[in-house]
Amino acid sequence: MTATLHDLHRPLGSTGLMVSPLGLGTVKLGRDQGVKYPNGFSIPDDAQARQLLGLAQDLGINLIDTAPAYGVSEQRLGPLLHGQRDHWVIVSKVGEEFIDGQSHFDFSPMHTRLSVERSLKRLQTDRIDLVLVHSDGHDLDILQHSGVYQTLAELKREGKILGYGLSGKTVEGGLLALEQGDCAMVTYNLNEQSERPVLDYAHTHSKGVLVKKALASGHACLKAREDPVRLSFELLFAHPGVAAAIIGTINPQHLSENVHTAAAVLSQQQ
């Protein structure tokens, strides 16, 4: 039985990207304010962050998730990933900025382009594999009226990004995001499954789905369940529409355990 994800990479919809079934979320590399986790944490230093990324790579993870709203996450990842660009599928976002402890949203074409160009510089790369619109909850309004998707389509034609989608909060937003784009990031876990229709649509239309809050931001592990992580992954990976789940841990032991559990679940389901 495999204990890593190296042989379990899978297509992200029809983007042409192959991703590990777990991705590493990096909000905790860049920001410790205004985050909803059950326990406090300290932002890791460069040596710890480098170690975590090395471990992720050894465990077969090639998917990394960041955003301008994650404080200094992008700025740190640029140097940390130097020389390893082809190993990683990098996901970043547009639309949300986190300044002085507050989120600010701007989905205009001008800000979208500025944000992507800035992310390219911060990440020290010539392309971002996937850019998601970081929704404030008004998914349909953003997609239909801001011009953000049209701008991302232009950036894709220019080769600066390889795919785009929405990290949203509603079923309607997720469906429209997939209809007009490449990928949706949805919340799907033991406590919250209302966005399941988005997974169904993704599966029937060969679109990409990434799952956020797969462990309910750690809260799934607080309930008295026999093995919440295993139950979470069994739920997620039972759905053929799910390409990968983003796990935002900075604890090397948790990361290893999550990978071993996901590998066991996937091997069993095959």
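A pocket here is an open set of points on a 1 Å grid over the protein atoms alone, where a 1.4 Å probe fits, with protein on both sides within 12 Å along at least five of seven lines. The volume is the space filled by probe spheres set on the points.

This is a predicted model, so I note that local features need pLDDT of at least 70 and side-chain atom pairs 80 or more, while totals for linings use all residues. Residues are numbered from 1 along each chain, and side-chain values use heavy atoms without hydrogens or water.

I listed 49 lining residues for the largest pocket, each with an atom within 4 Å of a point. Val27, Lys36, Tyr37, Lys213 and Ser217 lie nearest its centre. Helix α10 gives the largest share of this lining, four residues. By class I found 18 nonpolar, 19 polar and twelve charged residues. Asp, Glu, Lys and Arg count as charged, Ala, Val, Leu, Ile, Met, Phe, Trp, Tyr, Cys and Pro as nonpolar, and the others as polar.

Next came the second largest pocket, with about 150 Å³ of space. It has 13 lining residues, and Pro11, Gly13, Lys207, Pro240 and Gly241 are the closest to its centre.

Last, I checked helices α4 (residues 109-122) and α6 (residues 148-157). Helices are DSSP runs (H or I) of at least four residues. Their axes, fitted to C-alpha atoms over the stretch in contact, are 8 Å apart at about 40°.

Conventions
Axes fitted to C-alpha atoms, helices over the stretch in contact; angles between N-to-C directions. Helix = DSSP H or I, 4+ residues; strand = E, 2+ residues; numbered from the N terminus.
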